[in-house]
Amino acid sequence: MGFDIFEKNTDRNNLIHRLDPRTKLIFSLTFLVLMVLTPVKEIERFGFYFVLILTIIFIARISPVYIFKRSIIILPFVMVVAGLAVFFTEGRIIKEIDFVLFKLRITYEGINILLNVLVKSWLSVVTLTAMMLTTRFEDLLSGVELLKAPQIIVLMMSFMYRYIFVLIDEAVHLMRARNVRYFGGRFLSQIPVFGNMVGVLFIRTYERAERIYAAMVVRGFTGRIKTVNVLKFSFTDVIFLMVTFVFLFPVYFLLTTD
Amino acid sequence: MSEAIKVGHLFYTYPDKTVGLQDINLDVAKGETVIIIGANGTGKSTLLLNLIGILRGRGEIEILGNVLNDKNLRTIRKEMGLVFQNPDDQLFCPTVLDDFAFGPVNLGWDRDVVLQESRNALALVRMEKVESRPSHHLSFGEKKRVAIATLLSMKPQILLMDEPTGGLDPRSCTELIEILYVLKDQGKTILATSHDLHMVSEIADRVCVLSEEKTIVADGPFKEILSNQELLLKNNLIHQHRHRHERFVVEHEHAHLHEHDHENRE
């Protein structure tokens, strides 16, 4: 397990990959804000948003199927959170399910909330996945820093990215060690074992993270993220932002169905 | 010869009150290769971490004339690099080149110089072809070489190496020793820890023995130290066991890969 899970596809050479990370950040943030502010009933506008992102994915020559597969991971979480709104939001009742002890009412407003959260969160994940797959994380951090994001946020992102793999590595090692000595048995008896493993995982990860931090410090790390790649905001970046915004803003501000 | 490293009465105790080092006194001259040998848990890594200021013990440490303190830490770390025992701790960037660039970029070097020095260091350890590969895809031996090269790209005068040959197969071990020869020829000061007596006999100018009491009990030319069987046996660096030479089974002090005579086999 390693960086390739996120760094896959980032070394390609095409228009989207070559864009300055700041351009991608500005576009993604603008896109997300406008998309989130759009009422979910504006189906045409969401259709446009989807086509815009799909076009970018095609230009970046990344398999849309790959991105969609990765983006599906968000759906169970959204369903758990927003799914309950279908039954517990007051409003026009579409269907009433009568259980012996209680009644569940599915409301129009509840479904509206579910769709609102579902569509927007999924499109957000697709957008951010596309950005991650076309930009090296180090460059993205440099971009965030150059856009004057607080240093503490940049550092937290950096360390999270570095240490998440440490955590996964240690967890894999622990699971392997457990599996070679596990010959089946009752699930309940395994619960204390998992509890111990989580504790050990925490301590081992902490110690490993300390060693990695030491390795960073002895090579001059002082709390600022620096990369050998020099970011250049070029004419292409300006054109990309202009073209996408020329489509994006009129769609948001002008094409209303009201 | 002037001193590159000077340690006087260094003590270190871990936060859980375990003694890490006891009254360590050590001088390493510029250009000298000193190997600290000792059994597991004798404080070899702890000593190196103290020398580079990751751990802070009690006592005097001077690196190239600079007293180790917060004020001089950056200067010292520019001139002295540490190769960690586990290369996975040292290689934390997405690609090998990123790992090379990490130190020089933090030192504020120009991009072209960083790339040039990184490529020079890769050439020195014969790893030119792995530049754009993810570090975690390399073999253990390759990782060790890359870990050394990440320091060389910073052009330090002093190299601290924690068990450089630990976990390496014989060929990787020989390749690494060849790299150390080149570094010696370049005049680098090398202070390494090891319990690989073969490596010690190959590259050491001087050997120090750390005992289980966490202190240096012997310091001298490698021939003198390695020929002192009683000292090595006492400090768990060689052991006594039975083994077979042709049809004879003999029992004597023995360190694998360390030459020994067979005159008593009858």
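What percentage of the 266 residues in chain B is buried? The share of buried residues in chain B comes to 45%, where a residue counts as buried if 20 or more other C-beta atoms, placed from the backbone, lie within 10 Å of its own, as exposed if 12 or fewer do, and as partly exposed in between. The model is a predicted one, so to speak of local features a pLDDT of at least 70 is needed, side-chain atom pairs count only at pLDDT 80 or more, and totals for chains, interfaces and linings use all residues. Residues are numbered from 1 along each chain as its sequence is written, while chains are lettered from A and ligands numbered from 1 in the order in which they are written.

Chain B, then, as a whole. Its C-alpha trace spans about 65 × 45 × 40 Å along the principal axes. Of the contacts in chain B with a separation of 6 or more, 62% are between residues 24 or more positions apart, a contact being two residues whose C-beta atoms, placed from the backbone, lie within 7 Å.

Chain B has ten helices and twelve strands; these are DSSP runs numbered from the N terminus, with at least four residues (H or I) for a helix and at least two (E) for a strand. Four of the strands make an open antiparallel sheet in the order S2-S1-S4-S5. Its edges are S2 (19-29) and S5 (66-67), each with a single partner strand, so one side of each has no neighbour in the sheet. S4 (residues 58-63) and S5 of chain B pair in the antiparallel sense over two bridges, pairing being called when DSSP finds at least two bridges between strands. Glu62(B) has Val67(B) in S5(B) as its bridge partner.

Another open sheet in chain B has six strands, ordered S6-S7-S8-S3-S9-S10, with mixed pairing. Here S6 (80-83) and S10 (216-221) stand at the edges, so each has one side without a neighbour in the sheet. S6(B) and S7(B) (residues 158-162) run parallel, joined by four bridges, and Met80(B) stands opposite Ile158(B) in S7(B).

On to chain A and how it meets chain B. The two chains touch through 23 residues of chain A and 23 residues of chain B. Helices H1 (4-7), H9 (137-146) and H11 (187-218) of chain A each supply at least two residues of the side that touches chain B, and H11(A) gives the most, with seven residues. One of these helices, H9(A), is largely enclosed by the rest of the structure, because seven of its ten residues are buried. Among them are Phe137(A), Leu140(A) and Leu141(A). Just after H9(A), Lys148(A) takes a positive phi of about 70 degrees.

Strand S1(A) (residues 93-98) is another story: zero of its six residues are buried, so it lies largely in the open. S1(A) pairs with S2(A) (residues 103-107) in the antiparallel sense over five bridges, and a hairpin of four residues joins the two strands. Asp98(A) stands opposite Lys103(A) in S2(A).
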